[in-house]
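Trainee: Could we go through this one together, a question at a time?

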Amino acid sequence: MNHKICPVVMLAQQLIERRSISPEDAGCQDIIAQHLNCFGFTVEPMHFGDTKNLWAWRGSGEKTLVFVAHTDVVPAGDETLWTTPPFMPSIRDGSLYGRGAADMKGSLAAMIIAAERFVEAHPNHRQKLAFIITSDEEASGVNGTSKVVQALMARNEKVDYGLVGEPSSTERIGDVIKNGRRGSLTAQLCIQGVQGHVAYPHLAQNPIHQALGALKELSMIEWDQGNAFFPPTSVQITGLKAGNGVSNLIPDQLHVQFNFRFNTESTYSMIKNQVENLLERYALDYQITWILSGEPFLTPKGELLDAVLNTVQHYCDKPPDILTTGGTSDGRFIALMGAQVVELGPINHSIHKVNESVSIADLQLLTKMYQRIMEQLLLT
C-alpha cells in the first residue's frame, strides 16, 4: 500500500500541518467536522473562552461510546533541531514525523477513519457513537473537556464508555492500556515571617527556618499504602522562593509549591486536612491555596475493559499490561459522568520530543483496533 494515500496517514498529515499549539486549534476541528458530517454525525461546537471544543454524535441507542481526543500540541522548541520542520509532516523509514504525530493527532486520525469504516459497514448501528475533541489538553485544560462534560451533564447527556487515545503504549501498540489514573492536587503555600537584618535575628522571624521542620515532616509522611491498582500516594515539593538575593536581609515570606499524586485510598479532603493540621501544629502563620486538577479514577472489569482486552489479544500475541501509571488525562473528566474509561493509543517514546513520530503500521493497526472496539460495544 502507498502510505501517502492511506486515509489515516492523509488525515494525520492534514492535522499535523496545523500549528495548533495549545490552546489554539488552528482549524483542526473544522477538518474533523467535515469528515464526521459526511458520515451522518451531528457536530456541535462547544467553545469556551480561548478553547475550541467539539461534541459530535451519531445514533440514538441506550448506550453511548465516546472517543476522547485533543487537537492541541506542545510547542516544538528549537525547530532547527528537527530533521524536518515540526509542522511539515514527513514520512521516513515507515514512520510519520511531526509535532503531534504521537500525541495525539495520529490516534485522532485513527479514531475518525475507524468511525467512517464502522458507519460504512454498519449504517444502522444500534448504540450511540460520539466524540469529544478539545484544543486545550496540553495546557491548563480549564476550558476544554472539563467544560464540555459539565455542559453535557447539565442537560442530562449520558456516556457509558470513554476511550481516550492518549499514547499509552510503550514498545508495541496495545502492550499497555490504562484503566485509571491518579489524582493531582497542588498546594501553593505562603509562610509569613518578619523581615529584618541578619545581624539582628532577634528582631525578625525567618520564615525559612520556621518552615523547615514542617516541610521535612511533610516529605516523610506515609499517606496510604496504595492498592492493587495504584502505588502509594506521593508528594513532591516543586518550588521554594524567598528573599531577593540580598545576603544580609532576612525575608518576610517563604513561598512553597508542592504536588500530590494520589490514589483511590486517599481523598482531596483527607490530604488537605492532614497538611493543614501539620502546619497548625508547627504554629506557622500561613496562607494556602489548593488546586485540584483531577480526582483519581479506576475502571474495573466490565464491558469496555473486556472489549479493549479482546481487541488487543485479537491483534497481538500477548495480553496487555493494565496500568494506572503516568500523569493525568482527560479521562478523569469522562469518569465524572459515571462512564467506564480506558486509554489505548500509540507508543509514547517520542512524545513532546524533537522529531516526534508514529509508525504508519501502528496507525493502521490502531484504526483496526478502534473499529473492532466500536463493533463490540455498539452492535448489541
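Trainee: Which backbone oxygen does the side chain of Ser 168 reach?

Mentor: This is a predicted model, where local features need pLDDT of at least 70, side-chain atom pairs count only at pLDDT 80 or more, and totals for chains, interfaces and linings use all residues. Residues are numbered from 1 along each chain as its sequence is written, and side-chain values use heavy atoms, leaving out hydrogens and water. Ser 168 sits in the loop between strand E7 (161-164) and strand E8 (176-178), strands being DSSP runs (E, at least two residues) numbered from the N terminus. At 3.2 Å, its side chain reaches the backbone oxygen of Val 176.

Trainee: Is Ser 168 buried or exposed?

Mentor: Buried means under 20% relative accessible area and exposed over 50%, with partly exposed in between (1.4 Å probe, protein chains only). Among the residues that Ser 168 touches (heavy atoms within 4.5 Å) are Ile 177, Leu 344 and Pro 346. With a relative accessible area of 2%, Ser 168 is buried.

Trainee: How are H5 and H6 oriented to each other?

Mentor: The axes of helix H5 (residues 207-220) and helix H6 (residues 268-281) come within 10 Å and cross at roughly 150°. Axes are lines fitted to C-alpha atoms over the stretch in contact, with angles from 0 to 180 degrees between N-to-C directions; helices are DSSP runs of H or I, at least four residues. Angles over 145 degrees count as roughly antiparallel. H5 and H6 are therefore roughly antiparallel.

Trainee: Which residues in H6 do Ala 214, Glu 217 and Leu 218 in H5 meet?

Mentor: These three belong to the H5 side of the contact. Their partners in H6 are Val 275, Leu 278 and Arg 281.

Methods. Angles under 35 degrees count as roughly parallel, over 145 as roughly antiparallel, 65 to 115 as roughly perpendicular and the rest as oblique. A polar contact is a pair of N or O atoms within 3.5 Å; within protein, one must be able to donate a hydrogen and the other to accept it, and residues adjacent in sequence count only if both atoms are side-chain atoms. Lists of a residue's contacts leave out its neighbours within four places in sequence.
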